[in-house]
Amino acid sequence: MHELKQALFAAHFTDNRNISDINVLADIAAETGLDRSEALAVLEGQFFAKEVRAEEQHWQQQGHSKCAGDYLQRASFGQRCARG
């Protein structure tokens, strides 16, 4: 999971890639060893959107920012983002 987070941060802040584009996100997922087609299907179908938004709201209320890798990571490993 750490590798995906680092790749997302580098893509956005260093490489100036558009991480709001689901195809770019799927490419980044593939670059970190995840299955691109599975990542794209999860992003297109928003399979975990409700759960991620609920967690995002909870942690924002606690004063933490959201985790960029959470959405894709859940698709592959079902893990929660380490926040704090």
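Predicted model: local features only at pLDDT ≥ 70, side-chain atom pairs only at ≥ 80, totals over all residues.
**Entry 1: a residue on the outside**

I started with S20, which is exposed at a relative accessible area of 61%. My cut-offs: buried is under 20% relative accessible area, exposed is over 50%, and partly exposed is in between, with a 1.4 Å probe and protein chains only. S20 sits in the loop between α1 and α2. Its side chain makes a polar contact of 2.5 Å with the side chain of N18. For that term I need a pair of N or O atoms within 3.5 Å; within protein, one must be able to donate a hydrogen and the other to accept it, and residues adjacent in sequence count only if both atoms are side-chain atoms.

Residues are numbered from 1 along each chain as its sequence is written, and side-chain values use heavy atoms, with hydrogens and water left out.

**Entry 2: the whole protein**

I looked up the elements and got five helices and zero strands. From the N terminus on, they read α-α-α-α-α. Helices (H or I, at least four residues) and strands (E, at least two) are DSSP runs, numbered from the N terminus.

Of the 84 residues, 33% count as buried. The accessible surface is about 5300 Å², and carbon and sulfur atoms hold 47% of that. Those areas come from the Shrake-Rupley method with a 1.4 Å probe; for residues, only the protein chains shown count as cover.

Next I checked contacts, meaning heavy atoms within 4.5 Å. Among contacts with a separation of 6 or more, 43% are between residues 24 or more positions apart.

**Entry 3: the core**

Which residues make up the largest nonpolar core? I found ten: L4, L8, A11, V24, L25, I28, A29, L34, A39 and L43. The elements giving two or more residues to this core are α1 (2–14), α2 (22–31) and α3 (36–45). The biggest giver is α2, with four residues. A nonpolar core here is a set of buried Ala, Val, Leu, Ile, Met, Phe, Trp, Tyr and Cys residues joined through side-chain atoms within 4.5 Å.

I zoomed in on A11, which is in helix α1. Is A11 buried or exposed? A11 counts as buried because its relative accessibility is 1%. Not counting residues up to four places away in sequence, A11 touches N16, R17, I19 and I28. I also took the C-alpha to C-alpha distance from A11 to L25: 9.3 Å, for a pair 14 residues apart in sequence.

Then I28. Leaving aside neighbours within four places in sequence, I28 is in contact with L4, A7, L8, A11, R17 and I19.

**Entry 4: along α2**

In α2, I listed V24, L25, A26, I28 and A29 as buried. The N-terminal end of α2 is capped by D21, with a side-chain oxygen 2.7 Å from the backbone nitrogen of N23. Just after α2, I spotted G33 with a positive phi of about 100 degrees.

**Entry 5: charged pairs**

How many salt bridges does the structure hold? I got two. The rule is a side-chain nitrogen of Lys or Arg within 4 Å of a carboxyl oxygen of Asp or Glu. Side chains of opposite charge can pair when their charged atoms come close.

R17 lies in the loop between α1 and α2 and E31 lies in helix α2, so the pair ties together parts that are 14 residues apart in sequence. R17 is partly exposed at 26%, while E31 is exposed at 53%.

Another joins D27 and R36 at 2.6 Å, N to O. D27 is partly exposed at 29%, and R36 is partly exposed at 30%.

**Entry 6: rings**

I counted one aromatic pair. It is F9 with F13, stacked, 6.3 Å centre to centre and 20 degrees between the planes. Rings of Phe, Tyr and Trp (its six-membered ring) pair if their centres lie within 6.5 Å; planes under 30 degrees apart are stacked, over 60 edge-to-face, and the rest tilted.

F9 and F13 are separated by about one helical turn because they are four residues apart in helix α1. F9 is partly exposed at 37%, whereas F13 is exposed at 63%.
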